[in-house]
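Subject: Structure handover

Hello,

Please find the structure below, with the sequence. My notes on it come after.

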Amino acid sequence: MDFNMKKLASDAGIFFTRAVQFTEEKFGQAEKTELDAHFENLLARADSTKNWTEKILRQTEVLLQPNPSARVEEFLYEKLDRKVPSRVTNGELLAQYMSEAANELGPETPYGKTLIKVGETEKRLGAAERDFIHSASINFLTPLRNFLEGDWRTISKERRILQNRRLDLDACKARLKKAKAAEAKAAAEQELRVAQTEFDRQAEVTRLLLEGISSTHVNHLRCLQEFVESQATYYAQCYRHMLDLQKQLGRFPGTFVGNTEPASSPLSSASLATAAATIPVMPTVAGMPSAGEAAISLDDVALPASGTRKARVLYDYEAADSSELALLADELITVYSLPGMDPDWLIGERGNRKGKVPVTYLELLS
């Protein structure tokens, strides 16, 4: 008990001395040992790394999980060291609603069939999103979090110890200046030597930790590259799924495919009918099969001398077979119709290539 009381009294004395030194420094009444410029630069770089890592971590969490309530729930599970329950993605939930709606409204109707097809794609998109979130959490968020909860805490702890050693050192310098008697000066000089040694040792420990920030940057760079790879894979999967969906919907009669907000005014059902009616119909040539026959060969169809129209392509379109013409957004092509053609399709011609093109992908020009 006596030993503990002495230690407690000693610790209280040290704390008081540091507090006095710190207060006098703030009021400019005491000198302060300055760190060298290189050390200060290391401290500034470490602080900047910590601050930006926190911001990047938090915003990436928002990107992966926009719902704040869900983020709080996941945070609590992690703090309680419990497994976070599996959560249905928004895409998967939308797919479920679309499937249920199709079953109730009629899975054999055009609308029901389309709901089923879109729902299947939304489910694939949801699964791709789940894989991306899992990959980004492990390969990107976890290393950033480990730095903040591990390395940075160690650096902060050693910096606090260095600050205390620096206060002790400057307090000893102040006592040495105030000492008058030879015995008091000798004691102050001895205390100063010990304080200087402890300060130098702690400064070296802290310096090594701060220089390790360079390794942290290298590690975070590698994690960032893995995050980019995961994100690129995710968006590539989404793009492929949507392309497949567009092709499937393009085969459904009455299905409109494309951006709901094109650069120009979208074509309504009425305007589509009007536009189709104004497209010149090429007269039937004797001996040539009609457009509705499977034996039609577009290579045998000559571009009419007059009565064609120009059209601007609104969206990219990938031809499903050799009878269709692939399209690139914003290009101009020549279009016309053939007798008996499906009103949702036209004949498009670009250079020496021709093929069927969907009307919904075109803006008809005068």
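Predicted model: local features only at pLDDT ≥ 70, side-chain atom pairs only at ≥ 80, totals over all residues.

Residues are numbered from 1 along each chain as its sequence is written, and side-chain values use heavy atoms, with hydrogens and water left out.

Overall: the chain has 8 helices and 5 strands, taken as DSSP runs numbered from the N terminus (helices H or I, at least four residues; strands E, at least two). Along the sequence the order is α-α-α-α-α-α-α-α-β-β-β-β-β. Of the 366 residues, 33% are buried (under 20% relative accessible area; exposed is over 50%, partly exposed in between; 1.4 Å probe, protein chains only). Among contacts (heavy atoms within 4.5 Å) between residues at least 6 apart in sequence, 69% join residues at least 24 apart. The chain exposes about 22,700 Å², and carbon and sulfur atoms supply 57% of that area (Shrake-Rupley method, 1.4 Å probe; for residues, only the protein chains shown count as cover).

Cores: a nonpolar core here is a set of buried Ala, Val, Leu, Ile, Met, Phe, Trp, Tyr and Cys residues joined through side-chain atoms within 4.5 Å. The largest has 30 residues, of which F132, F140 and L210 touch the most other members. Helices α2 (37-64), α5 (110-178), α6 (182-211) and α7 (213-250) each supply at least two residues of this core, and α5 gives the largest share, 14 residues. Leaving aside residues up to four places away in sequence, F132 touches L64, F227, S230, Q231 and Y234. A second, separate core of 20 residues includes A311, V313, L314 and I333.

Loop residue: D330 sits in the loop between β1 (309-313) and β2 (332-336). D330 is not a glycine, yet its phi is positive, about 80°. Most residues other than glycine have a negative phi. D330 is exposed, at 55% relative accessible area.

Surface patch: V88, L93 and Y97 form a nonpolar patch with about 280 Å² of accessible area together. Patch members have over 30% relative accessible area and no salt bridge, with nonpolar side chains (Val, Leu, Ile, Met, Phe, Trp, Tyr) joined within 5 Å and like charges within 9 Å; a salt bridge is a side-chain nitrogen of Lys or Arg within 4 Å of a carboxyl oxygen of Asp or Glu. V88 lies in the loop between α3 (68-79) and α4 (90-105) and is exposed, at 52%.

Regards
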